[in-house]
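Please read the following report alongside the sequence and the coordinates.

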Amino acid sequence: MLPLVIISVLLAFTSGKPCDTEGSNGELLLSLGKNLLRSLEGQDSAPNPSVHLALRLSNSHNLAKESEHLNRMKNHLHNDIQNSLSNNQPVTGLLALYTLALKSSCYDLNTITFTVAQERETLLTHLKRQMEQEKENIAYSHRPLTNYYQYSLGVLALCVSGIRVNNHVTNKLIKTTEHEHVGHGSTDTYAMTGMALQCVKDAGSHVHNAVELETALTKIKQKLLAARRADGHIGNEYSTGLAVQALLAMGNDVAECAASMQAMRTDVRANKYENPMAASQILPALHQTSYMHIKNKSCLNEDNSLVLEPIDPVVTLPSEITVTIMVEVVPSSGEATLYSVDVPKGSSLLAALELLAAKNVGFTFEKESSLWGPFLSAVNGEQARQSDRRFWHLSSDGTALNQGVGDFKIEAPQKITLKNSTY
Ligand code: B12
């Protein structure tokens with residue numbers, strides 16, 4: 001009997017895919033898909049191209065809701081991008097995400113146009129132009145107008161849409177990888193660069209620098225593998241999905257991602273991906289696919305079984321237990337001010353800052369909305385502008401937060417520091 005058990009266990013190990021998504025994991029994927037679909041409901045929820053992508057890369061669909069969301073993107077998101085283009089603001093990442101989202105629904109990209117200075121041009125022409133401007137900026141100041149994450153998204157979006165990416169544009173990405181100039185969110189950025197360069201390699205268009213391209217891809221793989229933690233995460237909880245997507249796109253053996261898949265599943269069960277952006281970046285990885293695979297999407301014979309059951313609204317009353325937090329503000333002058341405020345345990349940092357501002361002790365702040373939620377943009381009247389490459393950095397007792405003000409919850413007394421920093 002015992003040998004039989006041992007043999008079956010061994011067989012299960014050798015025949016089962018290490019990143020298997022069958023069985024109970026199927027349930028997990030389904031519930032994550034439903035949560036994403038739910039995040040698009042509600043009057044004031046803005047259409048989100050990253051969520052669209054994740055839903056389209058899943059195995060189960062709600063085709064009616066996906067097509068409704070596609071239409072909302074074609075109105076609202078389209079208008080937002082049109083406004084940025086008209087105001088000459090760089091919008092590479094959003095334009096790229098929009099392109100990927102449309103492509104993931106097999107939408108004819110040539111029918112999407114924007115009008116700037118009375119000239120109507122297609123989405124892809126605009127994306128190519130944004131990439132040229134980004135490239136010029138790199139040549140001039142060694143940095144893209146936006147960041148290398150968005151630059152990579154741009155290359156990826158052009159490539160999966162079957163556009164031949166200008167060699168000079170790709171070369172800038174190869175060179176950055178070589179010189180390791182990626183900055184904040186480096187795992188996320190390496191992952192996006194990996195998918196972009198792999199797509200270019202597979203397209204076979206970048207022949208004259210093939211060796212450098214290969215070297216860059218090898219380096220990215222090494223960087224991602226070196227960022228693996230003992231608990232399976234690559235970088236942190238929020239970069240693991242993109243990192244796994246990239247490793248899969250770069251043809252890594254699925255066995256190498258088993259621990260990371262497991263880490264993400266544990267995170268899903270612990271509700272770490274309640275932010276739809278976070279969930280949208282990990283879902284494709286859990287489905288063992290990647291943004292790069294949008295290139296070959298046919299949209300034929302798709303499953304249509306993702307149904308949303310009505311759920312009872314959950315009302316959470318503020319906790320009666322309060323915790324005292326210190327809020328330290330360090331403006332660009334370096335002169336720190338310390339405040340203190342009592343907040344209900346479990347409040348978001350945003351709610352805590354609102355309570356502090358309401359005390360009229362001289363603390364004020366402003367926020368801007370983004371795909372990830374509220375972004376802290378000004379404190380005590382001081383803006384930390386992206387155009388100046390500054391931002392309000394968040395930390396707790398000296399450790400950088402890996403969530404924003406809307407998602408980070410205050411569970412214990414601590415000192416929160418808001419520091420005007422450069423990136
Ligand atoms: C580049 C980048 C930044 C840059 C953005 C400016 C720029 N022009 O380069 C800077 C350095 C300012 C930044 C800051 C922060 N970031 Co950041 N950032 C990224 C990165 C690598 C790419 C974002 C991007 O360009 N997306 C493409 C465009 C199309 O999407 P977008 O949503 O419109 O992009 C804008 C917003 O995302 C916003 N933004 C950037 N980071 C964050 C974080 C939060 C919480 C919010 C609300 C908004 C926001 O800036 C983007 C450019 O305008 C992502 C990686 C990822 N996986 O998404 C991390 C990422 C989004 N950042 C993250 C974090 C934690 C932060 C900080 C909270 C870090 C800190 N301890 O202070 C701060 C935000 C603090 C604040 N003031 O509210 C996490 C968010 C995880 C989560 N669960 O919320 C990510 C996923 C990285 C990671 N794996 O940990 N970031």
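## Aromatic pairs

The structure, which is a predicted model, holds 5 aromatic pairs. In one of them, the ring centres of Tyr148 and Tyr151 are 6.1 Å apart and the planes meet at 75 degrees, so the pair is edge-to-face. Both residues belong to helix α7 (residues 148-160), where they are 3 residues apart, about one turn of the helix, and both Tyr148 and Tyr151 are buried.

Tyr238 and Tyr273 form another edge-to-face pair, with 6.0 Å from centre to centre and 85 degrees between the planes. This pair links distant parts of the chain, 35 residues apart, since Tyr238 sits in the loop between α10 (210-226) and α11 (240-249), whereas Tyr273 sits in the loop between α12 (258-269) and α13. Tyr238 has a relative accessibility of 12% and therefore counts as buried, and Tyr273, at 6%, counts as buried too. Elsewhere, Tyr339, Phe363 and Phe365 form one aromatic cluster.

## Helix α13

Helix α13 (residues 276-286) is largely enclosed by the rest of the structure, because 10 of its 11 residues are buried; among them are Met277, Ile282, Leu283 and Leu286. The N-terminal end of α13 is capped by Asn275, which places a side-chain oxygen 2.9 Å from the backbone nitrogen of Met277. After the helix comes Gln288, whose phi is positive, near 60 degrees.

## Surroundings of Leu77

Leu77, a residue of helix α4 (residues 63-86), is buried, with a relative accessible area of 4%. Leaving aside residues up to four places away in sequence, Leu77 touches Pro47, Pro49, Arg72, Leu94 and Tyr98. Leu77 and Tyr98 are 21 residues apart along the chain, and their C-alpha atoms are separated by 7.9 Å.

Technical notes: Residues numbered from 1 in each chain as written. Predicted model: local features only at pLDDT ≥ 70, side-chain atom pairs only at ≥ 80, totals over all residues. Heavy atoms only, no water. Helix = DSSP H or I, 4+ residues; strand = E, 2+ residues; numbered from the N terminus. Buried < 20%, exposed > 50% of the residue type's maximum accessible area, 1.4 Å probe, protein only. Contact = heavy atoms within 4.5 Å. Polar contact = N/O pair within 3.5 Å; in protein donor to acceptor, adjacent residues only side chain to side chain. Phe/Tyr/Trp six-rings, centres within 6.5 Å; stacked < 30°, edge-to-face > 60°.
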